[in-house]
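Hi,

Here is the structure I promised to pass along.

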Amino acid sequence: MRKNVFFTTVGCLLLTFVLAGFVGCTKKEASPAATGADKGGALSATRTIVDHTGAEVVLPAQINRIVIAGLMPMPSVYCLYTGSSDGLVGIPASSKAAAENSLLIQAYPALADLPTDFEANGVVNVERLLELEPDVVFYGSSNTQTRQALDNAGIPAVGFSTTQAGYNTVETYAGWIELLGQVFAGDRRIDTGRAAEIVQYGRDVEALVKERLAEVAPEDKPRVMIAYYYDDAGGLRTSGSNFFGQYWIEVAGGVNVAAALSGSPSVNMEQVYQWNPDAIFITNFSPRLPEDFYSNTIAADDWSSVAAVQTGRVYKFPLGMYRWFPPSSDTPLSLMWMAKTLHPDLFADIDLDQMVKDYFQKFYGVELTAEDLHKIYNPSREASGR
């Protein structure tokens, strides 16, 4: 019965590619400029949307210049939604660091020239921001300091939540796409009409993963730790509950060893020894690589006795258009990768390489080479931006 449901779901995904694949064969650049047309066809001066803070945001009729502040994955999601980087005039420094070590710059080279000096350590320099003359700023909705500064400066600010559905990355990514749909609704040059399709793809992948893992017994689920931040200066921070790692691990069929903790707490090696995780996933916010654990060359930390190291189950999150740990434009791929990594037998018939290639072709208009795939699965230290 489970096998039949699986093939039905995969069939739907493949059918989606067949029906819409020709749309993505060539990457098209678009220039965002909202029409702001009312029902009578006249151009209105402004229009109002509701962002994820619940605030009403008055947007100009024409949106030509967009700054993304503090919301690091958003440049990749913006490019996914619009099919272009046009309109962006400023992005976070960490976003650029990821882009320069990913495929995002390759697909959208104009990102390389965008300024990042309008914010530092999460604080917006309003004077510098005003020099960029943004029509709107996208920011993380929890940053009330940024919102206040933008409101005081009279700059329209749209808040995007990073905590939707309990840090469910698929629903967070879906919520961002849907809010972008509101921001650019009616703009025939940028509203690609793909919002619903992009959202549904992510939900279909999540449903497939959950269906496959529904009958896995608790004792058969590997105990997983995520190395969220890990370097010599800041030590080791993991992902507890109330953070993205909890979603990834639970939905991908694992048990989060740090579930009793909240957020992204610092932990020491004594705690790691007590947990003794079966698998370790390193995010791309850390410069550490699996070989650092296997060679046991991390200063002051001895990983040699940890089960994940002894069995060769230390993994680095891939880096496609953005880092695969937080919500990003590659979120559905990240979920499938992690589920297949933790339960290879249950997902043996999933050709992840082909799935990644099809996704990039369909939604970005990018044809990946074998070298590109290797780069996605083996990101560099420099991608951490640290």
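Which strands and which helix do the buried residues of H6 pack against? Bear in mind that this is a predicted model. The partners are strands E2 (56-60), E6 (123-124), E7 (136-140) and E8 (157-160), along with helix H5 (126-131).

A bit more on H6, which spans residues 144-153. Its buried residues are Thr146, Arg147 and Leu150. Just after H6 comes glycine 154, with a positive phi of about 75 degrees.

Next, valine 67, which you'll find in strand E3 (residues 66-69). Its relative accessible area is 0%, so valine 67 counts as buried. Setting aside neighbours within four places in sequence, valine 67 contacts Val89, Gly90, Phe118, Leu129, Leu132, Pro134, Val136, Val137 and Phe138. Phenylalanine 118 is 51 residues away along the chain, with 9.5 Å between the two C-alpha atoms.

Last, the helix pair H13 (residues 331-342) and H14 (residues 352-364): their axes are 11 Å apart and pack at an angle of about 180 degrees. The two helices are therefore roughly antiparallel. H13 brings Pro332, Leu333, Met336, Trp337 and Lys340 to the contact, while H14 brings Leu352, Met355, Val356, Tyr359 and Phe360. By type, that contact has 9 nonpolar residues, 1 charged and no polar.

Cheers

Notes: Residues are numbered from 1 along each chain as its sequence is written. This is a predicted model: local features need pLDDT of at least 70, side-chain atom pairs count only at pLDDT 80 or more; totals for chains, interfaces and linings use all residues. Side-chain values use heavy atoms; hydrogens and water are left out. Axes are lines fitted to C-alpha atoms, for helices over the stretch in contact, and angles run from 0 to 180 degrees between N-to-C directions. Helices (H or I, at least four residues) and strands (E, at least two) are DSSP runs, numbered from the N terminus. Angles under 35 degrees count as roughly parallel, over 145 as roughly antiparallel, 65 to 115 as roughly perpendicular and the rest as oblique. Contact means heavy atoms within 4.5 Å. Ala, Val, Leu, Ile, Met, Phe, Trp, Tyr, Cys and Pro count as nonpolar, Asp, Glu, Lys and Arg as charged, and the others, Gly among them, as polar. Buried means under 20% relative accessible area, exposed over 50%, partly exposed in between (1.4 Å probe, protein chains only).
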